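Here is a short tour for anyone who likes to read a fold strand by strand. Please open the sequence and the structure side by side before going on.

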Amino acid sequence: MMFGWSLNPYMGCAHQCTFCYVRAFEKRADRPSDDRYGASIRVKTNVDEVLRRELARRSWKGETVAIGAATDPYQPAEGRYRLTRACLEVLAEAANPFAIITRSPLIVRDIDVLAEAARRASVSVTFSVPTLDEKIWRLTEPNTPPPRQRLRALRMLRDAGIEAGVGMAPILPGLSDKPELMADVVKAARDAGATSIWTNVLYLRPGTREHFLTYLARDWPELVPRYERLYRGRAYLGRAEIEPVRREVAELRHRFAVAEPAHAPRAQPVPPALSAPPTRRRPSPPRRSSAPRPPLATAPIQLSLDALAPTPISAPARRTLNRRSIVSAA
Ligand code: SF4
C-alpha cells in the first residue's frame, strides 16, 4: 500500500507478529523490539481532536490518509478506547479520503461510519491475510484473530458497499509461498468479495531480523539455513526471489477472476451533509479493571477485545498526520 500520509492512534501492537517490520523502527528508536514489543502500548488519547485541527488547516490538501501503517488500528485496545472510530468520524465529517489496513475483524463495529465516509470520499480497507494455514498463522501471528474471520469481516464490508481487499503480506519463503497455500488465500478472498489483492515478501531489517529468526529456529529449524542464505547481507530479497511470488499471485488473481464487476459494488455518492453528527466522546481512562467494556459487534464474528489487552500508556498527541512514502506490510 503506497501512501503519503499516515495516522496511527496507537504506538506498539499487541498482535506481536514475529515478522512485524515495526520492530525495526522500535529498535532504531531504542525501544524493545523483542518479546517485549506489544506488551505495552501507547494510546494517543486526544488523537481525534488533533486530527480535526490538522484537517482544518488551510494548507491541508485533502490527500488520502493511511490508517494502520505502523500498528493495527483495530488491535484489542481499540475495543475500549474507540480512537480509530473517532478518527474515522472526523475524516468522514471532512469528506477526506482514507485507507485502512488491519488484521482484525473488529472493524465491522465501524461499518456505519465507514459506509457514511465512503459516500463522501474514497475509502478502502485492506485485510492482511498472508495465509490461511493454521500452523503458520498461529506461530507467526500469535495474537491476531483467525484469518477466516478477517475474510468474513471483508464480506460484511463489501455487502455494505465499502471497497475492501486483501494484502498477502508478508509471504514467508518456504512456508506461505507454496502455490497451493497462496491459491487458498486468493480463492477465499475472491469468495469474500475482495476488490483487490496484492502481495509482498518478507523483509528483515535489524530488530525484526533477530526476533523472526529466533522464532524460526524454534518452530521450523530446518529452514534456518535457507533464511540465512537468502537474507545474508541484505534486508530485502531481490527480484529473483520476489518476482515468482508476484507472478503467481497475479496468475491466481486472473484464474479466480478477482475484482470482477459483480464483486465490486461501490457506495453511492450522496450530498455532503452527514446524516448524523459524529459521535463525540472522551476515551476511557486507562484503568484496566474498572473501565466500561464496549459493546461487542452484532455481527456473527467472535471478538475477544480485552483478552490480549496490554498495559496501556497515555500518550497525548501533538501531531497525528505523518508524512510517509513507504510500502506497508502490516
Ligand atoms: S504486523 Fe501489523 S498486526 Fe502484526 S504486530 Fe505488526 S503492526 Fe501489529
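Which residue of E7 is the bridge partner of Phe-127? The partner is Val-166. Bear in mind throughout that this is a predicted model.

## E7 and its two neighbours

Let us start with strand E7, which covers residues 163-171. E6 lies alongside E7 in the parallel sense, and five bridges join the two. E7 also pairs with strand E8 (residues 197-201), again in parallel, this time over four bridges. From E7 the chain passes through H8 to reach E8, making a right-handed β-α-β crossover.

How well covered is E7? Nine of its nine residues are buried, so the strand is largely enclosed by the rest of the structure.

On one pairing, strand E4 (residues 65-67) runs parallel to E5 over three bridges, and Ala-66 has Ala-99 of E5 as its bridge partner. On another, E5 is joined to E6 by five bridges, also in the parallel sense. Phe-98 finds its bridge partner in Val-123 of E6.

## Helix H7

Now for helix H7, made up of 13 residues (147-159). At 1.5 Å a residue the helix should span 18 Å, and its end C-alpha atoms are 19 Å apart, which agrees.

Which parts of the structure do the buried residues of H7 pack against? They meet helix H5 (111-118), helix H6 (134-140) and helix H8 (179-192), together with strands E6 (123-128) and E7 (163-171). The buried residues of H7 include Leu-151, Ala-153, Leu-154, Met-156 and Leu-157, and also Gln-149, Arg-150 and Arg-158. Just after the helix, Gly-161 takes a positive phi of about 85 degrees.

In soluble globular proteins, nonpolar side chains tend to be buried together. In this model, the largest nonpolar core holds 79 residues, and Cys-87, Met-168 and Ala-189 touch the most other members. Helix H4 (residues 83-93) gives the most to this core, contributing seven residues.

What does Cys-87 touch, once its neighbours within four places in sequence are left aside? Its contacts are Leu-7, Pro-9, Val-47, Asp-48, Leu-51 and Ile-67.

To finish, take a look at Val-249, which sits in helix H11 (residues 239-255). Is Val-249 buried or exposed? With 23 other C-beta atoms within 10 Å, Val-249 is buried.

Leaving out residues up to four places away in sequence, Val-249 touches Met-168, Met-182, Val-186, Ile-197 and Thr-199. Met-182 is 67 residues away from Val-249 along the chain, yet their C-alpha atoms are separated by 7.1 Å.

Key: Residues are numbered from 1 along each chain as its sequence is written. This is a predicted model: local features need pLDDT of at least 70, side-chain atom pairs count only at pLDDT 80 or more; totals for chains, interfaces and linings use all residues. The expected span of a helix is 1.5 Å times one less than its number of residues. A residue is buried if 20 or more other C-beta atoms lie within 10 Å of its own, exposed if 12 or fewer, and partly exposed in between; C-beta atoms are placed from the backbone. Two residues are in contact if their C-beta atoms, placed from the backbone, lie within 7 Å. Two strands pair if DSSP finds at least two bridges between them. A nonpolar core is a set of buried Ala, Val, Leu, Ile, Met, Phe, Trp, Tyr and Cys residues joined through C-beta atoms within 7 Å. A crossover is right-handed if, with the strands pointing away from the viewer, the path from the first strand over the helix to the second runs clockwise.
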